[in-house]
Amino acid sequence: MRRKFVLALSLMLLSLLTVQAQVVTLKVTNQPIREVLPMVEQQCDYHFFYNNNLTGLDNLVTLTLNQTPLEQALKQLFKGTGISYKMAENNVIVLSVEEKKSAVRHITGVVLDKKSNEPIIGASVAVKGTTSGTITDLDGNFTLEASTGQYLQVSYLGYETYELRVAAGSDIYRVMLAESTAQLDEVVVVGYGAQKKVNLTGAVSVVESKDIVGRPTPNMVTALQGADPALNITMSAGGPGASYNFNIRGLASINNSSTTKPLVLVDGVEMELSRVNTNDIESVSILKDASASAIYGSKAAAGVILVTTKSGKEGLAPQVTIDAKAGWKSPTTDHDFITQGFWSAYISDIFMLQHTKTAMTTYTEADYAELWMRLNDQTENPERPWVVTQNDGTYKYYANFNWYDHYYKTIRPMQDYNVSLKGGNDRINYFVSGRYYTEDGMIRIDNDKWHQFSTRAKVNINVKPWLHYGVNFSFFSSRYTYPGTESSREIFRVGSLHAMAYIPATNPDGSFVYLNPWIYSGQGTVGDGMSALLLNGKHKNLNLNREMVIQNSLTFDLYKNLTLNADYSFTWRMKEISNRSVKVPYSAKEGTTDLIENFRSVDSYHQQLARYQTHNYNVYLRWTPTWDKHHLTLTAGYNGEMYRYHSTQATRMDLMTEDLSSFNFAKGEVTELSESIKTVATNGFFARVNYDWAGRYLFEVSVRADASSRFAPGYRWAVTPGGSLGWRMSEEPFWESIHDWWDNAKIRFSAGQLANQMTGYYDYIQSVDADGMFTQAITLDGATVLSYATENDPNAGTLTWEKMTTYDVGLDLGFLGNRLSLTGDFYIRNTEGMLNTGTALPSVYGATDPKQNSANMSTRGWELAVTWRDKHNVLGKDFKYEIGGGVGNYRTFITKYNNPEKLLSTYYEGQELGELWGYEIDGLFQTQEEVVDYLTKVDPVNSMVYTDIVGVLDSKAPGLHPGDVRYVDLNGDGVITSGNNTADNPGDRRIIGNTLPKYNYNFHISAEWYGVDLSIHFQGVGRRDWYPMTEATTFWGPYSRPYQGFMAKDFMTNVWSEDNPDAYFPRYRAYEALGSANSLGPANTRYMLNVGYLRMKNITVGYTLPCWKNVFSEFRIYFSAENPWCWSQLQKYCRSIDPEQAVVSSQAITYGFARTFTFGLTATF
Amino acid sequence: MKRTYIFALFSLVLAFVACTGEKARELPTFSTITVTPAKEVYALGDSVQCSITMLTPGDASLKEAKYWFYTSWWGSDPNMTADFCTPDTVDGIVSFTSSKIALTKAGEVRIYFWGRLEYPNWDFQPVQIPVTIHVQ
């Protein structure tokens, strides 16, 4: 003990001597302490540790030190600054502000509006740095306790926060709060510039970064879903890297709906939305009407989304932010499917027996007894094995196999790491970020994996006072590896076919199950071979995407308020796809191995390499003169773009090894070797004038002229004008009397035209295909097969731009200090000259009628958004909260189309886009008497009514029976038909619904108090009709295919029987939903579903820790969940299909949609 | 007051149970399996016959029933299948008798009486009654 004490004492003395031994020599004159500290550090072994915002650091000092001991030097340095210091371990000197203890005093005061001198009720008055605080009463008065030298912070929403120091000898204060101009000064990024939000005259909505940053989504697409009611985003699947479709205010054209997408510009450069890191986002502007988008011309036909990324700032010390989160994904749907072999066999057999006289399984009563005895065996009981080898060596199956769990993972991990650095001074500012994201896919066997990496570096340099240079570089890379076939969707489509619970995936010797005499008489191919293929583990696929964007920009300050901007950006994208497949073994008989014979079981290697290059140039002048109350902005410039796509792909058979995939090992036939090159060039000139008088009368007009190489010379140019007017009534003198509660009122009107060039690349040129090959029968030498070229159908050389004209009337209102804000828009968009088969030519023409710009359509819609944001002082801390929501709807009608007969097989004049034609069903027949009575009125001449699959006349119970659906004879002609399939004669059909989303809505709640933050975003669609078609097998179950393996455990409780007359589904019968000729095939009122939904899109709860303030300016931990909850009417009848999954295709077969749960932390220092 | 509260709560719970509780389906009951001839230990190769008596018929809504005898060693034997049996009614007593079962497996083995009872709306209920015998 004594020795330890002596040792400690020695160490203390040693450290003291070390301090004493340090001396400082320096001479400074009027220099900030901040700059002196590094000089001291250089001369001794100590480092200063302090908060950058420490008061007194910027005090100027004049010092002359000559071999002065460190402690003495520090005393001199900090003299009179209020800064104290403490020598800590590891040669660190911690600086802090001296705490001066003084007597607590009672402070009273009043808070008034600086403009009106009226008292402000409910203003927050807090003692800075403490939890002490209060709010003002009805007369604006407040009372609290504070000490001399402490600061009072007075705040109120809509006003600038005011700080005052409690001075000695003064206990009464009068605080005048000035109205905050923050909201008035809020700037919105618009085309080729930025505008004050209050001065906007076009329909532009802004998504704030706080609503999307940090969300546990792999990309920005899903984060933007529901951000604005005008923005419709549909994911094609739930898997990693899934593609998506999106539009603003509905489809802009009936042509190329997948390519006529809104233009997405990230810092002015076109990019894939899915490749933008949400953590890089500063703001997102959605330009919804033509006047706002017109300046972007040809690519902006479907609207524009402007993404602005973060930048460094002048005077910002280097700031590092790290965000890391990890969690898991799980399906949004239920997957509690039948896993008892008895029920899977029984249901498929009873359904099949009602279709034909042959059962599905061909199992005997003895086999059913075997299955029954194993009913509750979740694992194999030695007394009752799941596979019994027969005398001839074949395998007979009595399993309770969970095929869903065999194929898919229900819990899969994900991780997301972000780091960024930003800062700047008066000459340079910078922002650099990096992200790594990874998630496991849902395919369990040979698990699919997604890795994504992205980085961005953005530097702005003030080269000269009149010259500014900026460089913005971004790189994205994703890598998706997955097993199975080239199309990862295939597993979801065929994996469950013949994958019945009574059949396991492997035989006792480990061989794979595929074909077997005991499975559907040797005709049932289990999972269409997908299970064997996956278990074999030799099918390998890789999807690699890389994108690099470099943008260089120069801004010249030519003259006062006159700038010239010039930028050039180069975008390079690369996509590499490789697919390896092998021949897949299986066994139907003990000791034997066969190879699966289908197109998925071939020994081949396929590779595709596609490169995309875009050069984009912008040069424009911007002049912003202001005189008196007149504000003018003139923008004019040029935009050019050159795009080139080059793709090569090849497939070769028979590789020397199954484990290595390269063309070097392939020795067989080259089955594919092709190349594709496409180029497009556009040139555009644009000009825009913005004018406002005193921020009261607003005016904007723009024009753009575009030329596209997609059209023939003479038809290449399109001129698209746009204009808008706005009147801020709230700035009028007569508004003064109500200005204290009604802060902002603006009415705006806009009209504009946009042109769409999204036709084919060379549609105006008649092309020649040179890849034809005669069959082997046509040769000249008896051996060499002849090739040939074919001329395609002639095209109309007069093809030109589709044009969209939009009219928009909008209203922006703000009340109660702009705490309550409301925005509403009504719009009409007319699309004219859509490409469509033109005037029918005489049949002697001999070719398909060429397309012409001959179709028109019109969209009418509205949007409304309301937000309430406020803050109150609760227990001495600001409680900030915000509640908001939006809703919008639109309807689109075809106003011109060359279909005089109004055939329903294509568009027709007067048609509403998305309309769903179908039959009306008046319940299910309950008794034979009802059937007989019906047959006296309706002649069952077609198979729908007869409930008999076409061509199968040997069914066990042909004809109408109790439990069948009752088609209504709408036109009263005694038969149920589709008429002549025209709108004028649709037979017994009528419009029963609409497949487009109606009433897109969103709402959100967020709150912040005492370092705790909470935000909840909801998103939904009010109505969207969906008719589950042929292959929607998880909905229809055995009504579609009696050998579909994924069937809900309670499926039979919804099936009609005499014991269950109120059931949803009709009497059991296989194949009734497969094909439009059967009773459930055509769309009808009974089984059309509303797949509208309400989804909790995100919930985030965070806590900013009050500790480590000396190290971190922010240290926050949080929990965030994406898609944690969803409600839809669809769930009443089918819980295994997500409502968004349903609308992807009428068959609802996709990679499953997922919910994500994550825990994360954000640290800034 | 406390008693009143407890009484009210109890009444509520009782009412809730009475309204929502589904009446359990009454299944038939059976005697134990009688193995003939009765022995303490059977020899490998012996044959036995089993019988069982239905004590109560259960719910009258029964649509269809299938009964069979089965042994613990038939499961992996492709030649042995369920020994289906039909009810034999004498003087109102319903009984089931198996075929002759050859004892081909030594040790503690089980013979089961199985049933699959089909009630309306695809409500299938099992019957499983085992007996264990010793075979040397």
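This is a predicted model: local features need pLDDT of at least 70, side-chain atom pairs count only at pLDDT 80 or more; totals for chains, interfaces and linings use all residues.

Modeller: Residues are numbered from 1 along each chain as its sequence is written, with chains lettered from A and ligands numbered from 1 in the order in which they are written.

Chain B has 11 strands and 1 helix (DSSP runs numbered from the N terminus: H or I of at least four residues for helices, E of at least two for strands). Reading from the N terminus, the order is α-β-β-β-β-β-β-β-β-β-β-β. Confidence comes as pLDDT, the predictor's score for each residue from 0 to 100; chain B averages 86, with 83% of its residues at 70 or more. Among the elements of chain B, the lowest mean pLDDT, 52, belongs to helix 1 (residues 2-20), and the highest, 96, to strand 5. Over residues 16-21 of chain B pLDDT stays under 50, and the model has 0 contacts there beyond four places in sequence. A contact here is two residues whose C-beta atoms, placed from the backbone, lie within 7 Å.

Of the contacts in chain B with a separation of 6 or more, 65% come from residues 24 or more positions apart. Out of 136 residues in chain B, 18% count as buried, where buried takes 20 or more other C-beta atoms within 10 Å of a residue's own, exposed 12 or fewer, and partly exposed anything in between, again with C-beta atoms placed from the backbone.

Now the partner. The complex gets an ipTM of 0.89 and a pTM of 0.82 from the predictor. Chain B brings 15 residues to the contact and chain A brings 17. On the chain B side, strand 5 (64-71) and strand 10 (107-119) each supply at least two residues. That side splits into 9 nonpolar, 5 polar and 1 charged (nonpolar: Ala, Val, Leu, Ile, Met, Phe, Trp, Tyr, Cys and Pro; charged: Asp, Glu, Lys and Arg; polar: the others, Gly among them).

Over in chain A, 3 strands make an open, mixed sheet in the order 9-6-12. Strands 9 (141-147) and 12 (172-177) of chain A sit at the edges with a single partner strand each, so one side of each has no neighbour in the sheet. Strand 6 (residues 104-113) and strand 12 of chain A pair in the parallel sense over 6 bridges, with pairing meaning at least two DSSP bridges between two strands. Thr108(A) has Ile172(A), in strand 12 of chain A, as its bridge partner.

Chain A also has a hairpin: strand 13 and strand 14 of chain A, with 2 residues between them and a positive phi of about 55° at Tyr192(A) in the turn. Those strands, residues 187-190 and 193-196, run antiparallel with 4 bridges; Val189(A) bridges to Ala194(A).

Last stop, helix 7 of chain A: 13 of its 15 residues are buried.
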